Every structure is written in C-alpha cells, then in structure tokens.
Amino acid sequence: MIDINHLANLANMKVSQEEGKKLENGFKESLKSVDLLNKIDTKGISSSFQVTSLKNIYRQDKVDHSRCLTQKQALSNAKKTYQGYFVVPYVFS
Amino acid sequence: MKLNQLTIASALTGLKNKSFSSLDLTKACLNQIEKTNKNLNTFLTLNPSALTEAKRADNLIKTFLTNFEKYPLLGIPYALKDNFLTKGLRTTASAKVLDNYIPQYSSTVYKRLKNAGAILLGKTNMDAWAHGSSTENSDYGPTKNPWNQNHLPGGSSGGSAAAVIADQCIFAIGSETAGSIRQPAAWSGVTGFKPTYGRVSRYGVIAMASSTDSPGPLTKNVIDAFLVTKVIAGHDPKDATTSSLKVNLTSPKTKSLKGFKIALPKEYLIKEMDSQTTNIIKKAVNDLKKLGAKVETISLLDPHFAISVYTIIQRSEVSSNLGRYDGVRYGHPRTYFSHEAKNRVMLGTYTLSTGYYDQYYNHSQKVRTIMINEFNKTFKDFDLIIGPVSPGPALKVGSTQKNPSFGEMQDILVEASSLSGLTGLSVPCGFVNGLPIGLQITGDQFAEQLVLNAGHAYQQAIDHHLKRPTI
C-alpha cells in the first residue's frame, strides 16, 4: 500500500491529486519490475553500500582557509537575508 | 578541416607550431555554437570570459613553448556539463530549482582543467539533476541528436556528447552514474570514457547517486580521452572517496590486441536488441579478434536484474541528495521540482522508509555484491569485457514520455559495471539507419590503461569515430 500524501509529506514535495495518481501508478510499475530481484537468493551475502573498500578517511583537524566562504559569499545566493543571516521560513506555527 | 573539427592532439600540435592561435580555435568553436545551438540546444550558458582566457593562453604560448608541459591542455576550448560548479558562472544541472544559482566555489574537475590551461566555452544541457538517459528530461528542453534532429542524443550528458559530435568544442566533460557518459557517447557517435569510481573527484559536482557518480571525458577519439583523464584524475582531499593510487596513465600506442583476453557475456546480447545492432556488435567483436584479441563467450548475471538494483539504489540516494534543496541558501523552493525529480525522490523515500528498507534497499545492495563478485571472478581470467552500450540506436524525441523506466532500459548494459565501480569506454562501432552504435569496453577497477589501449587499437583499425553528421 503506497500512501502518496504521506510520501509527499516525508519528501517535502507538493503533489496535486492528479499528479499523485500518476506517481502512484508509476511507483507500482517500478516496484513490480523491482520484485524481479526476489528471484535472487541473497542468504549469507553482505551488502555493498560502496565500492571503494576505503574505510575511515581522516584528515588533520585544521581549517583549510581555501575552502572557506566569506559571509558575503555564503549569503550571495540567498533570496532573503537579515543582518548577515539567512532568513528561513517559519518552522513552528 | 575547420579548426573546431580538430581533436585535442591535433589542436595542440597546431598551437605548438603556431599554425593558429587559441583565440582562432576558440572563435571557431563559438561560431559553430552560434550557428547550431538554436537547433541542437546543447549549451545552456556560455562563458563570457572564453575569449579573454584564450588570449591569455596565447600569451603563455608566445612566452615559453615549454608552457605546454606545465599546462597540458593550454588553449584548448571545451564544454562542461552543467552539474559541475563553476565559480561565478551559472550552474543549474538543467533544473529550474537552480535557475538563478551562481556557485561561490568551483568543482575540482573544472579547477584542474583550468589549471591545465583549457578554455571553458560554456555549460551543457543534461537531464535535470542527471535524472535520465535522453536529455529530454531537461527543464530547458531537449537537446537534439546532431545525426538526426528528430532523435535524442542520449543522456544524461547529452549536451556534452552532442556538442562534441557537432564540433562545437574540442572536447567535453560529462558525468556518469550508470551510463550517463557511455550511453550518450554511443547515441551521438563520440568516444565516452568512464573512469573507475573514485578515480576522478566528485567535489563540486551536483550529487545524484553518490556511490556511483563518476566524472569523465567525451571526446573525438581515445587518445583525447586519455589526455583529459590524465588531467582530471587523481586523489582529491576534498572528496574522501577518491583513491590515493597514483595515476600512471601513458598515451595508448598499441595497434595490436595480441595477448588480450576479452570476455563477451552472452546475456548482454539481450532480446530487446534489434538485429542490425546485434550484427554491428558481432562485426566489432570480429574486428577485435582480427587485431589479435582472444574473445570468449561467458555468462554473467542477466542485466535485467541490474535495472532493478539500479532503480532502488539510485532512487534511494537521490531522495537523500535532493533533500538539501530548500530555496533558503540558494536556488528556488521545492515547488520548482519537475515531475521526474518528484518521482525519483518520492520512490527513494519509499524504499528507504521503515518496513521497506530491508525488502528493497538492503536486498538490492546484496545483489550488488553478487554482481561485484561475478566481475571479480571474470577479471581473474579476462582483461576486459565487451558488449553493446545500449540495446539500439538513438530513439526519437518524445520517447521518454511513454515509459517510466525509459532510462533504465537504455542503460541496461552498463548499469552493472557502474554499480560495481568499474571503468569503461564507449567507442563508435557502426551505424543503424544513419544513427551511431557504441561498443563498450569495460575493465576492472583502475584498469583504465588497458581499456584505453584496447579502444585505441580498435580506432586504428576502423573509421566510425571519424564520421561527422551534416548539421
């Protein structure tokens, strides 16, 4: 059972009723083809979340100033700023 | 031959001999863009500093000819896919959410190309957020295939592929999550090279599926793919997944494939392929044999399973990566997302959600392990794996509308290698109804040299990569 409104809410997407129906049908079709994977026995097989075999890549705990943005740069793409801060939408009603 | 039609290698020779200047070369590309972009829709944004940068390159060439050692791509104009951040130059990933986004920093790939002296012409069209295999899913309209403008160029790096074959640039950069370099290269008739995952930095590339995203070149031949890869590959402290293995690539020289053991998975000649494409691939296999390669048919996991694994992993990673776009720090609010982005983000949200994680996401990652194990086993006995890149030639504009799994089907033959982080090349190997077909040559992780050598030897024997469309 796919609850499109719940998913839209979780994904923070606005979805009209008509679009929701289209998405739901698409999901059902995609998941049906994905069910093909049930044919493969994965008992005792580990998951490969990544393919590099790298583990725990550390760096010196030092600030790399070449990677830092100035406050002006950081704010340069923001639609609304206030005294050097980003203005964010209300979270609490 | 016009200057914009040159390869990197021949353009470098001309610049060194002072037969022409970087300014001439850059102007020739910009003229071609002006002439053809209206129809092809390859470039979204042009670099207003291109000519100034070309003049600077000419000054460096005039001062010391040895500057080519310091700047290996000095004065060479190129196109960059619009998901690579370019400080001060609009970067949209072909998505209206980022319509007004001016990056405050640059991607490592762009920086390395700049440091190598290459001249950025502009940013190329792609499927929005790299979601797709057609470039039809761009929020700025589809790119047209220069071989036949009723057809798609492939994607997601379709703008880059089309720009190369239309001679709007000397080379281009794309990125691949599962086929997004090799498939548009195949459909547009250019050489596309996907290095091993972690060989080229993802820093400053707008993230799609972080466990497979791999930047790479789209070029006019294999030698050029080598020249670009040598510049962009290598460890980057800004991307912890990059390998610290030294890049020891040398220019491919071999004309023979004697001693090469090549595997042809029988499952890769899938039932969905048309007979003409199958025959072209069989002919390419024979060409490789004539060059001395020993080709054996093997069995690998049915690539239809790769579609399912890729669908789950890609949607899941996308749902996480696109969570950051809130329109507060940059870009427009989430209401600007197009249907396809919503589709992918929400399906990924579903497959990662409580109760479904094990059934979908974790199960897919286990099948991914099976694929990796199969490849590891194959590469114990073989140097390379070959097959078609895509089931057939470029499909018509409008084809994506009818099928929600359009992209996955077109990339079916390269998904498993992407999910396993392998390196692979697409080289033109023939034409069906005037549209190009690509041969994939895939190698184990970090086997870039072998793959490039084989591709180069093949291009010494055939001439499909030398053909150009009439635009």
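This is a predicted model: local features need pLDDT of at least 70, side-chain atom pairs count only at pLDDT 80 or more; totals for chains, interfaces and linings use all residues.

Residues are numbered from 1 along each chain as its sequence is written, while chains are lettered from A and ligands numbered from 1 in the order in which they are written.

**Sheet of chain B**

- An open sheet of 11 strands runs in the order β1-β3-β2-β4-β6-β5-β10-β11-β9-β7-β8 in chain B, with mixed pairing; strands (E, at least two residues) and helices (H or I, at least four residues) are DSSP runs, numbered from the N terminus.
- Its edge strands are β1 (43-46) and β8 (294-298) of chain B, each pairing on one side only; two strands pair if DSSP finds at least two bridges between them.
- From one strand to the next, the twist averages 30°.
- β1(B) runs antiparallel to β3 (residues 119-124) of chain B and is joined to it by three bridges; B:Phe43 has B:Thr124 of β3(B) as its bridge partner.
- Helix α2 (residues 22-40) of chain B lies across β1, β2 (77-81) and β3 of chain B, at about 20° to β3(B). Axes are lines fitted to C-alpha atoms, for helices over the stretch in contact, and angles run from 0 to 180 degrees between N-to-C directions.

**Helix packing in chain B**

- Helices α8 (residues 222-232) and α15 (residues 448-461) of chain B pack at about 155°, with axes 8 Å apart. They are therefore roughly antiparallel (angles under 35 degrees count as roughly parallel, over 145 as roughly antiparallel, 65 to 115 as roughly perpendicular and the rest as oblique).
- In this contact (C-beta atoms, placed from the backbone, within 7 Å), the residues of α8(B) include B:Phe226 and B:Thr229, and those of α15(B) include B:Leu452 and B:His456.
- The axes of α10 (residues 303-321) and α12 (residues 357-381) of chain B come within 9 Å and cross at roughly 130°, so α10(B) and α12(B) are oblique to each other.
- Among the residues making that contact are B:Phe305 and B:Ile312 of α10(B), with B:Tyr360 and B:Met371 of α12(B).

**Contact between chains**

- Chain B contributes 46 residues to the contact and chain A contributes 39 residues.
- On the side of chain B that touches chain A, α12(B) gives the most, with 11 residues.
- That side of chain B divides into 21 nonpolar, 20 polar and five charged residues; Ala, Val, Leu, Ile, Met, Phe, Trp, Tyr, Cys and Pro count as nonpolar, Asp, Glu, Lys and Arg as charged, and the others, Gly among them, as polar.

How values were computed. Two residues are in contact if their C-beta atoms, placed from the backbone, lie within 7 Å.
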